[in-house]
Amino acid sequence: MVFNHIGYIVNDLKKTERAFKNLSYSESTYFEDANQEIEIMLISGYHLPLIELIKPTKKNHPLERYNLLGMGANPYHIAFEVKNISLEMKELKKNGFVQAMPISKAVAFNNVPFVFLFHHEIGLVELLEIK
């Protein structure tokens, strides 16, 4: 398992991207995921962890619960690369993780399989199957 990114829920992709530029983030790539009803922006910078900015495209989206107190942006998940998503999920479930969604395709990561799991001491963890 290898760290991949930190996911943020945001109200405004461009405003959050501009704010991260103050922290030396300089590159960004935009994606739209119609299936999940979200817009995504991946931002990166030299020797900086990858950040995934996520903005729901509809009102009352399930992800809005992670926008604590209506703040402009909040980190809400960490993501890891795995070689076999089913095998990793099986092991993590033995240790208290609960699958939070069906396995789907990650639009912003070349449509590789991904899944979210929840642990009460960690929160949301995303697994990306990258071989």
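Which strands each supply at least two residues of the lining of the second largest pocket? The structure examined here is a predicted model, in which local features need pLDDT of at least 70 and side-chain atom pairs count only at pLDDT 80 or more, while totals for chains, interfaces and linings use all residues. Residues are numbered from 1 along each chain as its sequence is written, and side-chain values use heavy atoms, with hydrogens and water left out.

Rolling a probe the size of a water molecule over the atoms shows where empty space is left. On a 1 Å grid over the protein atoms alone, a pocket is an open set of points with protein on both sides within 12 Å along at least five of seven lines, whereas a cavity is a set of points where a 1.4 Å probe fits but cannot get out; lining residues have an atom within 4 Å of a point. Grid points are joined across faces, edges and corners, and a volume is the space filled by probe spheres set on the points.

The second largest pocket holds about 170 Å³ of space. Its lining draws at least two residues from each of β1 (2–10) and β4; strands (E, at least two residues) and helices (H or I, at least four) are DSSP runs numbered from the N terminus. Among the lining residues are I9, V10, K55 and P56. By class, this lining has 3 nonpolar, 3 polar and 4 charged residues, where Ala, Val, Leu, Ile, Met, Phe, Trp, Tyr, Cys and Pro count as nonpolar, Asp, Glu, Lys and Arg as charged, and the others, Gly among them, as polar.

Of its 23 lining residues, Q36, L63, Y76, M101 and F116 lie nearest the centre. Two or more residues come from each of β3 (38–44), β4 (50–56), β8 (112–119) and β9 (123–129). The lining comprises 16 nonpolar, 2 polar and 5 charged residues.

One cavity of 30 Å³ or more was found in the whole structure. Its lining includes F20, Y25 and I43, and α1 gives the largest share, 3 residues.

A nonpolar core is a set of buried (under 20% relative accessible area, 1.4 Å probe, protein chains only) Ala, Val, Leu, Ile, Met, Phe, Trp, Tyr and Cys residues joined through side-chain atoms within 4.5 Å. The largest such core has 27 residues, with Y76, F109, V115, L117, L127 and L128 making the most contacts inside it. The largest share of this core, 5 residues, comes from β8.

Definitions and conventions: Buried means under 20% relative accessible area, exposed over 50%, partly exposed in between (1.4 Å probe, protein chains only).
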